[in-house]
Amino acid sequence: MGLSESDAGNVVIHHPVILSLNVQNTLVPRLKVWESLFGSREILLRNLRSCNRFMSTSIENVVRPNLNFLRDECGIPEHRVSLAIQKHPSFITQNPDTLRALVDRADGIGIPRESGMFLWILFVLHGVSKEKFEAQVKLMNSFGLSNSDFITAVKKHPTFLKISPESLQGKMEFLVKDVGIAPLDIAYHSKILGFSLEKRLIPRFRVMEILKSEGLWKPTSKLHVFFSSSAPKFLQKYVLPYKDKLPKLLEAM
């Protein structure tokens with residue numbers, strides 16, 4: 001398969017079940033299935049070298065039923081699932097009953113199964129327990145957002161659900177109290193919750209404060225765009241035009 005001797009040793013360490021599998025009847029067919037699911041041998045080998053213990057999962061009792069369920073009852077074709085599991089194969093190796101419960105949770109959020117976002121929501125919820133989800137709902141409620149507002153935020157950018165409640169609270173407090181963004185605006189532009197407080201939000205806020213102090217801040221500027229712009233666009237619009245007059249802008253970054 002193209003593995004060096006040391007790589008083969010590491011694969012066995014990460015997937016010791018391989019030693020108990022019949023080579024021709026089980027191991028080779030299972031490897032072929034995973035190679036097909038990942039889309040290439042290169043991606044298969046990369047996952048074999050990692051600690052993703054997918055090789056111990058039954059194809060017939062777990063993987064295939066999960067794929068069939070996602071295809072037949074959720075309308076998600078296998079090629080889309082393949083893209084989702086290339087880095088996290090555990091999504092498709094979970095117990096079929098657990099996957100069905102996950103789909104029920106996504107249904108409860110109100111994402112249509114035919115939506116292109118449905119698989120994304122499933123993938124995110126796979127790493128977010130019910131307890132953590134409920135803790136985040138209560139946290140957002142404390143900022144005056146309704147459950148419906150919270151669901152809006154999830155639909156806009158579900159990956160913020162992966163943030164710890166402590167980190168989420170810190171970002172909400174900063175954005176609401178220091179920056180002055182209305183909680184409802186955050187819900188409708190929840191992408192900004194995914195940015196690092198220390199590396200993105202605070203440095204850009206310092207830039208905004210400097211521009212305000214010099215009378216260069218435009219009140220019409222949309223704050224969610226200000227924080228969400230890519231680094232090159234941000235520099236081009238908010239920093240470089242004033243770099244000679246205000247060299248401290250670059251220092252603030």
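Okay, let's start with one serine: S229 counts as buried, because its relative accessibility is 14% and the cut-off for buried is under 20%. Bear in mind throughout that this is a predicted model. Where is S229? It's in the loop between α14, residues 223-228, and α15, residues 231-239. If you zoom in on the S229 side chain, one of its polar atoms lies 2.6 Å from the backbone oxygen of V225. And if you skip residues up to four places away in sequence, what does S229 touch? That would be R200, R204 and F234.

There's another buried loop serine to look at, S58. This one is in the loop between α3 and α4, and with a relative accessible area of 19% S58 is buried, since the line is drawn at under 20%. Its side chain reaches the backbone nitrogen of N61, at 3.0 Å. Leaving out neighbours within four places in sequence, S58 has R30 and V63 in contact.

Now let's move to helix pairs. In general, you describe two packed helices by the angle between their axes and the distance between the axes.

Take α2, residues 23-38, and α3, residues 41-48. Their axes come within 8 Å and cross at roughly 110 degrees. So α2 is roughly perpendicular to α3, given that 65 to 115 degrees is the range for that label. The crossing is right-handed. Which residues make the contact? From α2 you have L31, W34, E35 and F38, and from α3 you have R41, I43, L44, N47 and L48. Sort the α2 and α3 contact by class and you get six nonpolar, one polar and two charged residues.

Next pair: α9, residues 130-141, with α11, residues 165-179. Here the axes come within 10 Å, and the crossing angle is roughly 20 degrees. That makes α9 roughly parallel to α11, because angles under 35 degrees get that name. Again, α9 passes α11 in a right-handed crossing. On the α9 side you'll find K132, A135, Q136, L139 and M140, and they meet P165, L168, Q169 and M172 on the α11 side. By class, the α9 and α11 contact comes out at six nonpolar, two polar and one charged.

Right, on to α8, residues 118-125. Is this helix enclosed or open? Seven of its eight residues are buried, so α8 is largely enclosed by the rest of the structure. The buried ones are F118, L119, I121, L122, F123, V124 and L125. And what covers them? The cover includes α4 (59-72), α5 (78-85), α6 (90-93), α7 (96-109), α9 and α10 (147-156).

Let me pick a residue from two of those covering helices. From α10, take T152. T152 counts as buried, because its relative accessibility is 18%. Not counting residues up to four places away in sequence, T152 touches A187 and Y188.

From α5, take H79. Buried or exposed? H79 counts as exposed, because its relative accessibility is 54% and exposed starts over 50%.

Notes
Residues numbered from 1 in each chain as written. Predicted model: local features only at pLDDT ≥ 70, side-chain atom pairs only at ≥ 80, totals over all residues. Heavy atoms only, no water. Axes fitted to C-alpha atoms, helices over the stretch in contact; angles between N-to-C directions. Helix = DSSP H or I, 4+ residues; strand = E, 2+ residues; numbered from the N terminus. Parallel < 35°, antiparallel > 145°, perpendicular 65-115°, else oblique. Left-handed = near helix turned anticlockwise from the far one by under 90°. Contact = heavy atoms within 4.5 Å. Nonpolar A, V, L, I, M, F, W, Y, C, P; charged D, E, K, R; others polar. Buried < 20%, exposed > 50% of the residue type's maximum accessible area, 1.4 Å probe, protein only. Polar contact = N/O pair within 3.5 Å; in protein donor to acceptor, adjacent residues only side chain to side chain.
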